[in-house]
Amino acid sequence: NHPTGTYEEWLWELHPDNNYQGLLLEGFSELDHRFYVEGSDHRLLWNRNLDGIRREVPARYVTGSPQQHPGQSGNTPNQV
């Protein structure tokens with residue numbers, strides 16, 4: 001709908017239930033981290049359809065990595 005919209009705006013339209021607007025900090029918006037994992041279908045679809053207008057969204061987390069940061073369990077994605 002919005003050719004110049006951002007990845008986050010697109011996600012809020014598709015999944016308003018995943019917009020944790022102000023729940024953690026007032027005035028701070030947060031989307032579910034799974035939209036930024038390396039294999040996210042949403043992120044991959046977005047990046048395949050940039051049309052020269054939108055910016056690519058890099059992965060922020062890697063899943064299934066054997067290296068864990070201290071204090072992380074095996075189910076938590078590693079931040080890139």
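Student: Is Asp51 buried or exposed?
Tutor: In this predicted model, Asp51 is exposed, and its relative accessible area comes to 64%.

Student: And which residue does the Asp51 side chain meet in a salt bridge?
Tutor: The partner is Arg54, whose side chain meets that of Asp51 with a distance of 4.0 Å from N to O.

Student: How many salt bridges does a search of the whole structure find?
Tutor: The search finds 3 salt bridges, and one of them is the pair of Asp51 and Arg54.

Student: What does Glu8 form a salt bridge with?
Tutor: Glu8 pairs with Arg60, and the closest N and O atoms of the two are 4.0 Å apart. This pair links distant parts of the chain, because Glu8 belongs to helix 1 (residues 7-14), while Arg60 sits in the loop between helix 2 (41-48) and strand 1 (61-62), 52 residues apart.

Student: What about accessibility there, say for Glu8?
Tutor: Glu8 is partly exposed at 23% relative accessibility, and Arg60 is also partly exposed, with a relative accessible area of 41%.

Student: Switching topic, which residue forms a salt bridge with Asp32?
Tutor: That is Arg34, and the closest N and O atoms of Asp32 and Arg34 are 2.5 Å apart.

Student: Why does Asp32 count as buried?
Tutor: Asp32 has a relative accessibility of 8%, which is under 20% and therefore counts as buried.

Key: Residues are numbered from 1 along each chain as its sequence is written. This is a predicted model: local features need pLDDT of at least 70, side-chain atom pairs count only at pLDDT 80 or more; totals for chains, interfaces and linings use all residues. Side-chain values use heavy atoms; hydrogens and water are left out. Helices (H or I, at least four residues) and strands (E, at least two) are DSSP runs, numbered from the N terminus. Buried means under 20% relative accessible area, exposed over 50%, partly exposed in between (1.4 Å probe, protein chains only).
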